Amino acid sequence: MNAVIPTSRRDFLKQTALAGGGLVIAFVVPAANRFAHAQETAAAAPFVPNAFLRIAADDSITVLLAHSEMGQGIWTSLPMLIAEELDADWSKLRVEHAPAAPAYAHAMFGMQMTGGSSTISSEFDRYRQAGAMARALLVQAAATRLGVAVTDCRTESGKVIAGEQSLRYGELVDDASKLAAPASVILKEPKDWKLIGKSSRRLDTPEKITGRAGFGIDVRFEGLLTAVVLRAPIFGGSVKSVDSKAAMLVPGVRRVIQVPSGVAVVADHYWAAKLGRDALAVEWEPGPNAGLDSEAMRLQFRELAASEGLQVTQAGDAPAALSAATAVLEAEYVVPYLAHAPMEPLNCTVKIDADACEIWTGTQFQTMDQMVAAQITGLKPEQVRINTTFLGGGFGRRATPVSDFVTEAVHVAKEAGAPVKTVWSREDDIRGGYYRPMYLHRARVVLGEDGMPSAWDHSIVGQSILAGTPFEPMMVKDGIDGTSIEGVADSAYLKAVANHRVQLHSPRTGIPVLWWRSVGHTHTAFVMETLVDELAQRAGKSPLEYRRQLLKDHPRHLAALNLAAEKIAWDTSKPLMGRARGIAVHESFGSVVAEIAEVSIERGQIRVHRVVAAIDCGVAVNPDGVVAQLESAIAFGLGAALYSSLSFKEGRVQESNFHDYRVLRLSEMPLIEAHIVASSAPPSGVGEPGTPPIAPAVANAVAALTGQRLRELPLRPTA
Amino acid sequence: MKLRVNGSEHEVTAAADMPLLWVLRDLIGLTGTKFGCGIAQCGACTVHLDGAPVRSCVTPASAAEGKAITTIEGLSADGSHPVQRAWTEIDVVQCGYCQSGQIMSAVALLAAKPDPSDADIDAAMSGNICRCGTYQRVRAAVHKAAELAKS
Ligand code: FES
Ligand code: FES
């Protein structure tokens, strides 16, 4: 069946003429939209941008992205959705980030943002509808012009064709923009797709291989100054006194100013600002967190784990079953604080005028940025113009609920009284907070006669990333932050256990924490998948069979698991001498990914040679893009599994740059073979779901190789 | 001081020890060369001095005087260099931020070793961090570029 979408009832598609000739397909803001709605009522501006698609008389087609390109490939896959329905000439496509405006709010989250691996799933209909609507209008315009029936017209590669005659879209845009909007649009049936489901090369490659791509850090214009900020060495610390004499003597330094987050040195260029900062003498008030120590925290977390927490979920009577049992597997797991360390250090350029504030930055959180900038400058949100540049990686760091780096940059520009680009050094980034929180899990499991788990008691300890943020009222229920427990509370495994209980402790530590690629699943998948592997071993069953049995009612898990097992020939092949294989499968962001890692240990170090991965993500819009994201997510997770860790002593972060905050390097990259489960289900997440299974797959392989169960990240085998 | 970048002369006023990276980016305006760590750990700032790869974040600008400085912008404007063509064919890039450095390291490697082995690639390219994890495609693209350069 074709999907017939009534445009009038949904009332969010409309067309207008493009100034200077052309057709614009725009979206009207849905009224139910929380954040956007507040802005809409505040907005008295005559023009609020809302275009998603512009077709000009020269045939060029511009697609506006409501989400940010940070490597995940939506610069290509969102245009594919429009081009599919529009039958566009792919070579005529241009792509731009949309400005910040209510029309671009995320269909599920109600604010303009990129995250949760949700861009394609949330835009799959909207972008296709925009393309279909434009096509319907162009066909109508062509039919009228040619004096034929609409049904006698077809479209292909940017043209409407009727018999021997054809008209280019560019020739039709003016007529099309004056037509009444069609009552409904019809989307193609999947069997007629020409682009969706076929790999398209990235549209941003030409700019990114020539140095032309504009990242936030590359913004330059006449009069723009650069600032670096000296922030408190301990979170929650504050400035006691500043001596800026030496800093002001550095050639190129213009001003030293105080902002809420520290002391900013504003200069003609980065190097002068950095030297100026080095020359600052600042005395700090250490604040309440001067005693922070990650080793001590771990002991506190351990104690908490053994005490009563908030009840997350339960079935049967796990405590009773455990106390009656003779053999209990008891295990503790720990994962450290992690920085996102996106390749492009954080930065934000701000220019404030009497009645406008213009911002250039790579951001995942436009609506928040706009709101905080409005607040600080005393302007209305619609007077704040956000130019989203390419993001040199995000991984969640460019989506802080308090817009930390934008807030700071607006303060700097305001105090400096000049346009300023505030740039973070790598050390600022590693020590600047907003980390994946440290977590400790304690699990106690009893196996039944059949070797399958019969009782499971699970306690999770770690900071809530949403507590104290504007998201708390929406996303923390009865004190339980869903991002702390995702992957355990909703685990397919637990559902198969008659007696189970999950408890949560969310201690506050003073360390700013944040979502980090795959959020709670970064720790929950590690725990669940290594624990299930250990249970399989205790039960004397193969890790693959054991999982199949526990997951027998979960066809998508099974499909991913079976595809990965088939591709590595689990049953019929053996790894090379000195190597072993480990499996993990995990659901996150609506998708299921199975990974099988092949590892050896060389000079005491884990070496991962090969990873076979399989994902069920519904329809894969751009299959090679999905493969690239699996490679990326595995590399990201593998760096954390093997190397990355932040520690605190006397309140201070000990690591500072890539020499001591290790991430994966090329020589450590395994061969990755990524496969996609064939599916006609609606698309689900792709950017993140590949990360959670890699750490447990590697840990399970190490256990198979050495017998050691490593329950702490990063994985460090003992010799 | 006088610097010759991508064949053009630039007269800049800068302290002798100002890193070449910031002279290129902030004084000359060539922003294709990237800042990633500032301590020769990530390779994002890789440029060539007389064809040899250097980390411009720790190279004083004065050390580049009298040498031919090549940046990503000097490779080709249209992406037609064999390494860039290979990058396009393999669809290497993701966020793209590390890619100027990756490409400059690859060009230098191929100049020294037209037919690099995987071990050569490991040795020459492991100083270039990619947080998007494009390593597998970088490796494939270096091999591809070696092929393209021959044909
Ligand atoms: S910025 Fe020069 S090596 Fe990282
Ligand atoms: S492509 Fe993003 S860091 Fe390499």
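Figure 1. Across the interface of chain B and chain A, 28 residue pairs are in polar contact, both residues at pLDDT 80 or more. A polar contact is a pair of N or O atoms within 3.5 Å; within protein, one must be able to donate a hydrogen and the other to accept it, and residues adjacent in sequence count only if both atoms are side-chain atoms. Elements giving two or more residues to the side of chain B that touches chain A are α1 (20-28), α2 (82-90), α3 (99-112), α4 (118-125) and α5 (135-150) of chain B. The largest share of that side, five residues, comes from α5(B). Its residues divide into 23 nonpolar, 18 polar and 12 charged; Ala, Val, Leu, Ile, Met, Phe, Trp, Tyr, Cys and Pro count as nonpolar, Asp, Glu, Lys and Arg as charged, and the others, Gly among them, as polar. Four salt bridges are counted between chain B and chain A, each a side-chain nitrogen of Lys or Arg within 4 Å of a carboxyl oxygen of Asp or Glu. One of them joins the side chains of B:R25 and A:D218 (3.0 Å, N to O).

The model is predicted: local features need pLDDT of at least 70, side-chain atom pairs count only at pLDDT 80 or more, and totals for chains, interfaces and linings use all residues. Residues are numbered from 1 along each chain as its sequence is written, chains are lettered from A and ligands numbered from 1 in the order in which they are written, and side-chain values use heavy atoms, with hydrogens and water left out.

**Figure 2. Extent of the interface between chain B and chain A.** In contact (heavy atoms within 4.5 Å) are 53 residues of chain B and 55 residues of chain A. The buried area is about 4,600 Å², of which carbon and sulfur atoms give 57%. This area is the accessible area (1.4 Å probe) that two parts lose on being put together, summed over both.

Figure 3. A:N657 lies in the loop between β31 (652-653) and β32 (671-676) of chain A. Helices (H or I, at least four residues) and strands (E, at least two) are DSSP runs, numbered from the N terminus. At 0% relative accessibility, A:N657 counts as buried; buried means under 20% relative accessible area, exposed over 50%, partly exposed in between (1.4 Å probe, protein chains only). The side chain of A:N657 reaches the backbone oxygen of B:C37 at 3.0 Å. Not counting residues up to four places away in sequence, A:N657 touches A:R426, A:E427, A:I430, B:C37 and B:I39.

**Figure 4. Helix α1(B) and its surroundings.** Eight of the nine residues of α1(B) are buried, among them B:W22, B:R25 and B:I28. The buried residues pack against α8 (270-278) of chain A, together with β1 (2-5), β2 (8-11), β3 (46-49) and β5 of chain B. Just after the helix, B:G29 takes a positive phi of about 90 degrees.

**Figure 5. Two loop residues of chain B.** B:L75 lies in the loop between β5 and α2 of chain B and is buried, with a relative accessible area of 15%. Its contacts include B:H81, B:I103 and B:V107. B:A63 is in the loop between β4 (52-55) and β5 (68-70) of chain B; at 35% relative accessibility, B:A63 counts as partly exposed.
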